[in-house]
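Visitor: Hello! Could you show me how helices and strands are described in a model like this one?
Guide: Gladly, let's look together.

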Amino acid sequence: MTSRVRIPALLTRAGTASALTLAAVGGTALAPGAVTEAEAASAPARALQVAAAKKGSPYRYGATGPRRFDCSGLTQYSFKKAGKKLPRTAAQQYNRTRRVSSDRRERGDLVFFHSGGNVYHVGIYAGKSRIWHAPKTGDVVRLQKIWTSSVSYGRVR
């Protein structure tokens, strides 16, 4: 998703402008993946922003932040900062969310990964078939393309 934002006419004639220039003149720019004002007001959008802000934080099994995370720790932390309470594990989070079909998924929905009927991983949907997640030991919080079709989507209530 690309958000539409206002750029002063003087800057558009000049070509490009830095973020500092835009801030100084009160302008804005088109930013891929940016959320609109309406989206920013929603808890899922805020949770998505919190998760993205944790980019590069190390994975640690059982960690719930604010510096280290496992997968469900990241989702729990992100939604808590957005004002929503989630249980601790991916399976518990799966049971607490409302199922949505893949064609109705939205940015900020949770993405649950399944194997043999068990939920083993969770991330926050970022759009364009990508998620913010804490993948595994030795890795860091990052944005990644969904790698399997064995997923379901849940909306935090």
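Guide: The axes of helix α4 (residues 43-53) and helix α5 (residues 71-81) come within 8 Å and cross at roughly 125°. This is a predicted model, where local features need pLDDT of at least 70 and side-chain atom pairs count only at pLDDT 80 or more, while totals for chains, interfaces and linings use all residues. Residues are numbered from 1 along each chain as its sequence is written, and side-chain values use heavy atoms, leaving out hydrogens and water.

Visitor: Why is α4 called oblique to α5?
Guide: Angles under 35 degrees count as roughly parallel, over 145 as roughly antiparallel, 65 to 115 as roughly perpendicular and the rest as oblique. The angle here is roughly 125°, so α4 is oblique to α5.

Visitor: Which residues of α4 and α5 meet?
Guide: Contact means heavy atoms within 4.5 Å. On the α4 side are Ala 43, Pro 44, Ala 47, Val 50 and Ala 51, and they meet Leu 74, Tyr 77, Ser 78, Phe 79 and Lys 81 of α5.

Visitor: What makes β3 and β7 edge strands?
Guide: Two strands pair if DSSP finds at least two bridges between them. The open sheet has 6 strands in the order β3-β8-β4-β5-β6-β7, with antiparallel pairing. Both β3 (98-100) and β7 (142-145) pair on one side only, as edge strands.

Visitor: How do you know that β6 and β7 pair?
Guide: Strand β6 (residues 130-133) and β7 share 4 bridges in the antiparallel sense, and the rule asks for at least two, so they count as a pair. Within this pairing, Ile 131 stands opposite Gln 144 in β7.

Definitions and conventions
Axes are lines fitted to C-alpha atoms, for helices over the stretch in contact, and angles run from 0 to 180 degrees between N-to-C directions.
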